[in-house]
Amino acid sequence: MSRRRSLRVVLAGALAASIAASCAGPSHEYVRNTSLRTAFKVPAEWTLFDKQAVLGIPPGPQASTPDPIKWLVGIDGDPAPTVAHILDPSSLNTEHPHGIALVQDLSFNDRDQASFMALRDYLFPVTALIQDPNSAQVVAYDDRIDRDGIRGVHVVFQFRASALASAQAAAAAAGTAAEDVQRALLGGAGAALLSPDYVTVDQMVLVDAETSRVYYLAVLCSAECFNRNRSDIEAIVDSWTVLP
């Protein structure tokens, strides 16, 4: 093959690859709540579930009582998605990522107690879990987040799934009362970390300038699954956007 013909073949191949990429569609989908000025992105092939599905609320008109949960989205990266995958306390160490995005108004008492510890323990009892270094550890931690008054904490932690129940009990005994959504989902206010029993969670928890509303995003799965899907999970959590 002549050099000129070889160059034409290379250029034709590059053009075909470019056309294929342009026709493949976006790799990520942005999920927005414009009224709450909140957004995040997920891989386009992942599945999302709304608040009614995640909390098992039947269709049709609901009682006209104040609802502190302003937005709730379930996230499932399983090729065979089901809402049952979303934060099932009996099966957190899944082989595919799952998680939630949540916007919730804080009660009067919650506002008074909105410390960094309260934020990181918002759904998972992180503080109680890490009391035993053989059952849990913090992998990454940043409590210096401040985005024009939107502030909070980003924490990545690992824990042994079998340790969750005792940590929940310890947190309850310490008087860290759970809101309804926490009870509904999880009840929560250094060894072989790739053990099938280990779960890795990447979560970001933010509050507004008035400390009246919490913005929570978490994605998790087994430690091995997390390592395999780290780039997608980190991209989701890093995309968590709350505008003042």
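This is a predicted model: local features need pLDDT of at least 70, side-chain atom pairs count only at pLDDT 80 or more; totals for chains, interfaces and linings use all residues.
Numbering starts from 1 along each chain as its sequence is written, and side-chain values use heavy atoms, with hydrogens and water left out.

**Gln158**
- Gln158 sits in strand 7 (residues 150–160); strands are DSSP E runs of at least two residues and helices are H or I runs of at least four, numbered from the N terminus.
- With a relative accessible area of 10%, Gln158 is buried (buried is under 20%, exposed over 50%, using a 1.4 Å probe and protein chains only).
- Its side chain makes a polar contact with the side chain of Thr200 at 3.2 Å (N or O atoms within 3.5 Å, one able to donate a hydrogen and the other to accept it; residues adjacent in sequence count only if both atoms are side-chain atoms).

**Helix 9**
- Ile233, Ile236 and Val237 are buried in helix 9 (residues 230–238).
- They span an arc of only 95° around the axis, so they lie on the same side of helix 9 (the arc uses directions from the helix axis to the C-beta atoms).
- Exposed Ser231 and Asp238 are on the face turned away from that buried side.

**Nonpolar cores**
- The largest nonpolar core has 32 residues, and Phe157 and Tyr216 are among those with the most contacts inside it (a core is buried Ala, Val, Leu, Ile, Met, Phe, Trp, Tyr and Cys joined through side-chain atoms within 4.5 Å).
- Elements giving two or more residues to this core include strand 7 and helix 6 (164–173).
- A second, separate core of 26 residues includes Val73 and Phe226.
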